[in-house]
Amino acid sequence: IDMQQTGRKLKHMIESAGYTPRMIQDYLHLSCVQPIYRWYKGKILPSVDHLFILSELLNVHMENLLVKKNAVPIIYDIEQRYSRDAHQRFITYYKKTYQSVA
């Protein structure tokens, strides 16, 4: 897992949904807001429990909160710039292409 890219993605998704770190702290029942900032900086990852709760809050699969190491960076950009349907077509194309090479 690429921790820095994952942190950036989490920050983008959380902010895009209109949540602040303090709101996430309250929602996850964390004693302080610092772990959320550490996620954003890529220093730590959320626990599996927190990933699950965040995925429900943001209405995405847990896997969509994480970024693989050596993943093609354009996939993340596509997710931000295009519709969900177009994003799925790009992902399907990428997976078919990658699997045929591997």
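This is a short tour of a predicted model, stop by stop.

Residues are numbered from 1 along each chain as its sequence is written, and side-chain values use heavy atoms, with hydrogens and water left out. Because the model is predicted, local features need pLDDT of at least 70 and side-chain atom pairs count only at pLDDT 80 or more, while totals for chains, interfaces and linings use all residues.

**Stop 1: the core.** Select Ile24, Ile36, Trp39, Leu54 and Leu65. Of the 16 residues in the largest nonpolar core, these touch the most other members. (A nonpolar core is a set of buried Ala, Val, Leu, Ile, Met, Phe, Trp, Tyr and Cys residues joined through side-chain atoms within 4.5 Å; buried means under 20% relative accessible area, exposed over 50%, and partly exposed in between, with a 1.4 Å probe and protein chains only.) At least two residues of this core come from each of helix 1 (3-16), helix 2 (21-28), helix 3 (34-41) and helix 4 (48-58). (Helices are DSSP runs of H or I, at least four residues, numbered from the N terminus.) Helix 4 gives the most, with four residues.

Beyond residues up to four places away in sequence, Ile36 touches Pro21, Ile24, Gln25 and Leu30 (contact means heavy atoms within 4.5 Å).

**Stop 2: helix 4.** Select His50, Leu51, Leu54, Ser55, Leu57 and Leu58, the buried residues of helix 4. Viewed down the helix axis, they fall within an arc of 160°, so they line one face of helix 4 (the arc is that of the directions from the helix axis to the C-beta atoms). Their cover includes helix 1, helix 2 and helix 3. Now select Val48, Asp49 and Glu56: these exposed residues are on the face of helix 4 turned away from its buried side.

Zoom in on Ser55, in helix 4. Ser55 counts as buried because its relative accessibility is 6%. Leaving aside neighbours within four places in sequence, Ser55 is in contact with Val60, His61, Met62 and Leu65. Asn59 follows helix 4 and has a positive phi, near 60°.

**Stop 3: the loop at Val33.** Select Val33, in the loop between helix 2 and helix 3. Val33 has 12% relative accessibility, so it counts as buried. Val33 and Pro21 are 12 residues apart along the chain, and their C-alpha atoms are separated by 6.5 Å. Apart from neighbours within four places in sequence, Val33 is in contact with Pro21, Arg22 and Gln25.

**Last stop: the start of the chain.** Select Ile1, in the segment before helix 1. Ile1 is partly exposed, with a relative accessible area of 48%.
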